[in-house]
Protein chains: 2
Amino acid sequence: MTGGILHTIHDPADVKALSTPDLHALCDEIRATLLAYGHAHGGHIGSNLGMVEATVALHRVFESPHDRIVFDVSHQSYVHKMLTGRAEAYLDPAHFDEVTGFTNPQESVHDQFVLGHTGTSVSLACGLAKTRDMERAATGHSSIGNVIAVIGDGSLSSGIAFEGLNNAAAQGGNLIIVLNDNEMSIAGDFGGMYGPLAQLRASNGTAQPNLFEAFGLDYRYVGDGNDVDALVAAFEEVRDIDHPVVVHIHTLKGAGFATQHTSNTGSVGSTGNVSHDEPWHSDHCDLSDAAPHAGQCEASHWQTPDRALGRPDDPRKYYGKMAMAALEPRFASEPGLVVISPATPGSNGITHEFREHAGAHYVDCGITEAHAVTFAAGIARAGGTPVVATTASFFQRAYDQFFQEMSLNRSRVTVLDFLGGLSGSDNTHSGAYDVMMFANIPGVTMLTPTSGADFLADLAWSTMPANASGAPDGPVVIRVPGSAILEHDHQTTADAGKIAVSAPSPTCGASRMLSYRVHQRGAQIAILSLGNTYPLAERVAEQLYADNRMTATVIDPHQCSTLDTDTLESLRDTHQLVVTLEDGQLEGGWGEKITAYYANHRELEATRNPQVINIGAVKEFTDRVPLDELNHRYDLTVDGVLARIREAWNGAIPMVIKR
Amino acid sequence: MTGGILHTIHDPADVKALSTPDLHALCDEIRATLLAYGHAHGGHIGSNLGMVEATVALHRVFESPHDRIVFDVSHQSYVHKMLTGRAEAYLDPAHFDEVTGFTNPQESVHDQFVLGHTGTSVSLACGLAKTRDMERAATGHSSIGNVIAVIGDGSLSSGIAFEGLNNAAAQGGNLIIVLNDNEMSIAGDFGGMYGPLAQLRASNGTAQPNLFEAFGLDYRYVGDGNDVDALVAAFEEVRDIDHPVVVHIHTLKGAGFATQHTSNTGSVGSTGNVSHDEPWHSDHCDLSDAAPHAGQCEASHWQTPDRALGRPDDPRKYYGKMAMAALEPRFASEPGLVVISPATPGSNGITHEFREHAGAHYVDCGITEAHAVTFAAGIARAGGTPVVATTASFFQRAYDQFFQEMSLNRSRVTVLDFLGGLSGSDNTHSGAYDVMMFANIPGVTMLTPTSGADFLADLAWSTMPANASGAPDGPVVIRVPGSAILEHDHQTTADAGKIAVSAPSPTCGASRMLSYRVHQRGAQIAILSLGNTYPLAERVAEQLYADNRMTATVIDPHQCSTLDTDTLESLRDTHQLVVTLEDGQLEGGWGEKITAYYANHRELEATRNPQVINIGAVKEFTDRVPLDELNHRYDLTVDGVLARIREAWNGAIPMVIKR
C-alpha cells in the first residue's frame, strides 16, 4: 500500500498540486511508510508520526526553499525529507542510509541547518528573518520569504528556546513559530509551564496565562494537529504575516503506531482522528506510565529496528542500569541522594522501573542541561549528593555551569558522562570532545573507569558523604565505559550481570583514586591507555611480547584531569618510549599533557627523557562513521599502535631487546 | 552622616531589632554609604542602590543563614554584605578590598555561592529547596528553612533563568523568587517579555498574560520596591509559604544617584519615593536614552571610581571602539552586517553613539549568549555577516552553540572575544580559558592579533563577503588584544587613535592569515609567542641579544587553531630550543600542541628535534590577582622566560653562542 502517491512527490510543488483526497491519501501513505521504515531501520519515529499532517500542510502552503523552514532538533524532519526529493530513502531499504537523521543542507536546498540539539530553531529563524528584513529595508527585496521555526513542546523546555521566544517578539517582522505540542518530551514533559499549556489545549487556545503572549508574541491554536485541512487553513492564515506568531498545534506523538501494531490495517484516519485500541509496550517504544494518551510513545528517541530487538544492552544502557542499581539501595538512608536526568533517561539505562522505585530521588528536569547542573550544585551546597546523567555532547550545554556553579563553587556533583569518546554517532552527538571539555576545567576530577567494577567504585567514591575520610572535595565526572570495555567486561566476568556493588573502602581516598594503575611493569615501552582504549593497550602488549619477547609497561591512568607525576617519573630510567592512547580528540585532550610534562621536565642525561607519542582522534567532525573505521583512521588498533611504535623505534630510540 | 546605625549592625538579628524609624534611617545610611563607596572605590552601584530597601526587608523578615538567600549574579549583594557583618568593607576605605564584588561562602555563612554570571539563582535555589524537602520527608526536619532567590529583570533574559522558573513550579515546596524589576538590564532590557512585564507594573500586578503564572508559579506584586515597609509586609506574607511564589518588586536602579549628584542632601525618602531632578551623565554611569526613568543608570556595571574618571580607555573599550569604527562605514552598503552584543555593550567599547548610528545593524539581545551565537548562525546562513561581541567567560554560555550551530554548520560568524587571556579579574570573569575553549572546537579559526592594525585586518578578513576570494569558509574567533598589546600599540604608533582601517588586500586569504609570522629569524632559540604575550617575546629576544649576542627567532603565530607546520619544520635544522608563550591555561591550550607536534614528528637525527618548553598559566581559578603578579607566577616576564631558557640550556641542549 505504500508509496503510490509518495512516489510521485519529488518536490514541494507536487504536494501543492494534489487534490484534497490525494493529500489525505498522501498522509496515510507517509504514515505507513514511516512505520515500515521504523520497523526495518529504526529512528525517531514517534515525533515524525505526529508531524505527518503538519509537514504536509507546511509544504502545501509555504514555498520552500524561498520560505525557510527550520526544524528544531530536526529529528522530526523525515516527512519533510520525503516531500523534498528524498522519499526513496524511506521507501527503499537500499537507500535507507542515504539520508541522515537530521536536516542537512548538503542533502537538500530545503534543509536549513544540521541540528541535533534542541531548542535553537527560534534563534536561528530570528537570524534568517533579521537578514531578510535588513535586505528588504536596504534594497526592497530579499531572497528569503516566510521564516518558519518548527519546535516541539519538549524542546521548548531548553533555555535557549525561551531566549529565542523573548527575542523574536522584540525583533518583529515575519516569523512563524509552529509549536508541535504532543504533550511529550523525550520522556514525559516536566515543568510548570505544561499546566498552563494544557489549559490552552483545553480552552481551544483561549486561556490565560498564555506563555507565548507573555513573551509578547501573537498566538493561534489548532486543536487537531493531525487534521491536514485544519493545518493548511491555519498556515494559510499566517502566511506572509508581518509580525511573529506562534501557531500552537496539538498533535499525537506516535500517531498510528499503537493502531498499526494491533491491527496493522491503517485505521488512522486522514482527518487525524487517530484511534488507539490499547497501549503497546516493547523495546521499540518506551511507553511511559505518565503518558497522557494510551498508546503514546515516550521516546522512540533511539527506536531500534526489529532486527535489533532483544539484543543485549549497549554500553550506555548496561552501565547506566548498573549505576542506578548501585544507587537505588542507598535512597532509603540517604535523603539527599538525587539522580538528575535532563530528559534522556531511557538511552542511559535509567529505566521506568528505576524511576518508579526512586520516586523523589529521581528528577527528569526536561531538556535543560544547564539547569540540571546548577540544580545539582544547589543540592550539593545543601549537603545532598546529586548525580547528573546525560550524553557527553548534551553536556556542552552546561559548560559555563560546570565552570562556575559546579567547579568554582567546589560543588560535590557527580556527572555521569554517557557516550563519551569515539562512537559511530552522527556529527551532532559525538563524544570525542568530552575529555577536552571536562578535564581542562580547573578543579574538576574526571575519572575514566576501565571496567564495570571500576565504574562502580568510582561512583561510590564520588558520592561518598562529604565528611567521610578520603571523599572528593569537589565535582567528579565519571566517563561511562563504552563498547570496548563492555566487551572486555563480558570476557573477563563469568557473570557480568552480577558484578558486586563495591562499597568504597576506607583507604579509597583521593590520592588512591588519582594514582595511575600500573597493570604490567616492563621496560623500554610504556603504554598509557585512557578509558575505552585500555583493552587495546593490553592487546598491544601481548602482541609486543609475542613478536619481540618484549614486556611493555601497561598503565591505566584511570583519570585524565591531573598527572600522576610519580608514575611518570618512575618510567624515566627504564623506558625510551611512552605511548598514550585515548579515544577522543588529541588536541586539548589528555595524551598531549603527558608529552608536555616530559618536555618541560627534562633531565640532563638525554637518555632519561623518553620520547612520547600520542595516539587518538584528530580534530574533526565525523558523521556516522563506524567505530571500527574511526579506530583504523586514528591508529587505535593493534596494528596501528604497533606501526606507530615501529616508526618511533626506527628513529632516535636505541633498540634493546630484553629476553 | 553615614554609618550611625549601620555601625551597630553586625548580624541580621540587629536589623530585626530596629524600630521602624531606625529601619528607615538605616536605609538612608546604606544608600549614602553606597554612594560614597561608589565614588571612592567603584563597583556595581546602580543595582545595589535599587536593592537597599529590599535587602533590608529580606533580613528583617527572614532568618539567614537558616533561611537561604541566593543573590543572582550576586553583584547586587553589597547591602546584604553590609547587614551580615561586613559593613566596614563599605564604610572604611582601609577595608574596601576585604570583600569581593560577589557573594562568597568563604566570607560569610550568609553567602550561598560565588556567582558572577546571570540567571542561575532559581536553579540553585531549587537544589537547596529540593534537599530540604527530601530531608524533611525522610527525617521530619532540615537545616534549611525558606529558600529565596533574588533575580533581576535583566538576568531573567538568560535561558537558564527560564529553565529554573519552569522547574520551580514542577518541583513544588517552599521557594520564594524575588524578582527585582528595575526595568533595566546592564543596558536597556530587550525582549518581548518586557511589554507584558510593563503591563504587570501598570496594573499593579493584575494583568494577563503573566509570564510567571504561565510557568505555573504563584505571583505577588509590590509596586514600590523602594518602600521598606511595603516590602517587609510582602515578605512576611510569603514567609514559610508551602509552594513556589514570585514576588515581583518594582525598584529604581541607581535610586538616589541622580539626586545625590544634584543636591547631595539625601532627598531619597525612606519610604522610597525617590525623586530625580535631572538626568546626569558621566563616565560613572552610562545613561541610556532608552532608560525609562530620567536619572536611571544604564549600567553602573563596571562603574569606575572618581579617581579613574577621564583615564584613557582600557583595552576592551579601546579595541572595541576601533572595531566598531571599522564596521560602521560599511553598514550603508552591507545590509546583512549586524553587530550582536549580549547585554554588555558599554564594557566593550560599543558606545551609545555607535548604537545610535548603527540602528538595526546593532542588536542587544539581552543576557543571552547562547541565543546570540545561534542568531548569528541564522544570519550567516541567510548570507549576512554577523559579529558577536562579549566577554570571554560569558561566551562559555554558548559553548554548545559554537560547536553545533556555528562550527558544524560552517556558519561564517565573527566572534569578538573580549578580556581573553590573563587579567586581574575576579574568579568568575577570568579569560584564561578562552583559547582552550575556542581553539579546540573542530572547524573554528581563532586569531590572536598582536596590534590594532592586525586586529582590524583580522576583522576585515573574517567579515569579507562569503564569495570573495580568500574569505574564510567558517567561523572566526578574534581575541581582542589586551593591555600588553595596547601598551605596545601606544609605543609604536605615533597616533594610535588614527590607525588606518585596512581593507583586506586581495592576497589576504586563509593561508596567509593562518601562517605564522617570523618577525626575526635567528638561531638556537625560537620564541613562539601568542597574542598578548608577543611584546614579551620581543623583550626577551632583546635581552638575549644584549646578554649573549644571541639572535633568537621571534614568531607571532597570529592564530592558535591550527599548526603552521612549514614554519615549525623550518626551525628544525637551526634551533635546539623552542619556547612557547601564552597568557592562558597551558593545559588544553596552545603551546602544548607545538610540543606534541615535535614529539610526534621526530627525525632520525636526534639533533634535529628541538626541545620545546611551554610557558603559560597553570590550571587554576584566580581571584583579583593583579596581572603583574600572575605574570610573575607563571614566568611570563623577561626574567621568568630567561630563567626557563637557562634551565633548559643547562640541560641536554648544546651551548653554541653565535657572535
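# Briefing: two chains and how they pack

About 9100 Å² of area is buried between chain A and chain B, and carbon and sulfur atoms give 61% of that area. The model is predicted. Chain A can be laid on chain B with an RMSD of 0.0 Å. The two copies are thus related as by a two-fold rotation axis.

**The interface between the chains**

- The size of an interface is often given as the accessible area lost when the parts come together.
- In chain A, the residues that lose the most area to chain B are A:Glu163, A:Arg381 and A:Phe621. Together they make up 7% of what that side buries.
- The contact involves 111 residues of chain A and 112 residues of chain B.
- The copies meet through the same surface, because 100% of the interface residues of chain A are also interface residues in chain B.
- The superposition of chain A on chain B takes a turn of 180° and a shift of 0.0 Å along the axis.

**Helices H15 and H17 of chain A**

- Two packed helices are described by the angle between their axes and the distance between the axes.
- Helix H15 of chain A spans residues 369-381, and helix H17 of chain A spans residues 399-408.
- Their axes come within 9 Å and cross at roughly 10°. H15(A) and H17(A) are therefore roughly parallel to each other, as angles under 35 degrees count as roughly parallel.
- H15(A) contributes A:Ala370, A:Val373, A:Thr374 and A:Ala377 to the contact. From H17(A) come A:Gln401, A:Phe402, A:Glu405 and A:Met406.
- The residues of this contact divide into 5 nonpolar, 2 polar and 1 charged.

**Helices H13 and H18 of chain B**

- Helix H13 of chain B covers residues 315-327, and helix H18 of chain B covers residues 452-462.
- The two pack at an angle of about 45°, and their axes are 10 Å apart. That makes H13(B) oblique to H18(B).
- The crossing of H13(B) past H18(B) is right-handed.
- On the H13(B) side, the contact is made by B:Tyr319, B:Met322, B:Ala323, B:Ala326 and B:Leu327. On the H18(B) side, B:Gly452, B:Phe455, B:Leu456 and B:Leu459 take part.
- This contact of H13(B) with H18(B) has 8 nonpolar residues, 1 polar residue and no charged residues.

**Helices H21 and H25 of chain B**

- Helix H21 of chain B runs over residues 534-548, and helix H25 of chain B over residues 638-649.
- Their axes lie 9 Å apart, at an angle of about 60°. H21(B) and H25(B) are therefore oblique to each other.
- H21(B) also passes H25(B) in a right-handed crossing.
- B:Leu536, B:Arg539, B:Val540, B:Gln543, B:Leu544 and B:Asp547 are the contact residues in H21(B). They meet B:Val638, B:Val641, B:Leu642 and B:Ile645 in H25(B).
- By class, the contact of H21(B) with H25(B) has 7 nonpolar, 1 polar and 2 charged residues.

**Backbone details**

- Most residues other than glycine have a negative phi, and most peptide bonds are trans.
- In chain A, the peptide bond from A:Gln208 to A:Pro209 is cis, with omega near 0°. A:Pro209 sits in the loop between helix H9 (194-202) and helix H10 (211-214) of chain A.
- In chain B, a cis peptide bond joins B:Gln208 and B:Pro209, with omega about 0°. B:Pro209 lies in the loop between helix H9 (194-202) and helix H10 (211-214) of chain B.
- B:Val73 is a residue other than glycine with a positive phi, near 60°. B:Val73 belongs to the loop between strand S1 (68-71) and helix H5 (78-86) of chain B.

Technical notes:
Residues are numbered from 1 along each chain as its sequence is written. Chains are lettered from A and ligands numbered from 1 in the order in which they are written. This is a predicted model: local features need pLDDT of at least 70, side-chain atom pairs count only at pLDDT 80 or more; totals for chains, interfaces and linings use all residues. Side-chain values use heavy atoms; hydrogens and water are left out. Copies are superposed by least squares on the C-alpha atoms of residues with pLDDT of at least 70 in both. Contact means heavy atoms within 4.5 Å. Axes are lines fitted to C-alpha atoms, for helices over the stretch in contact, and angles run from 0 to 180 degrees between N-to-C directions. Helices (H or I, at least four residues) and strands (E, at least two) are DSSP runs, numbered from the N terminus. Angles under 35 degrees count as roughly parallel, over 145 as roughly antiparallel, 65 to 115 as roughly perpendicular and the rest as oblique. A crossing is left-handed if the near helix is turned anticlockwise from the far one by less than a right angle, and right-handed if clockwise. Ala, Val, Leu, Ile, Met, Phe, Trp, Tyr, Cys and Pro count as nonpolar, Asp, Glu, Lys and Arg as charged, and the others, Gly among them, as polar. Buried area is the accessible area (1.4 Å probe) that two parts lose on being put together, summed over both.
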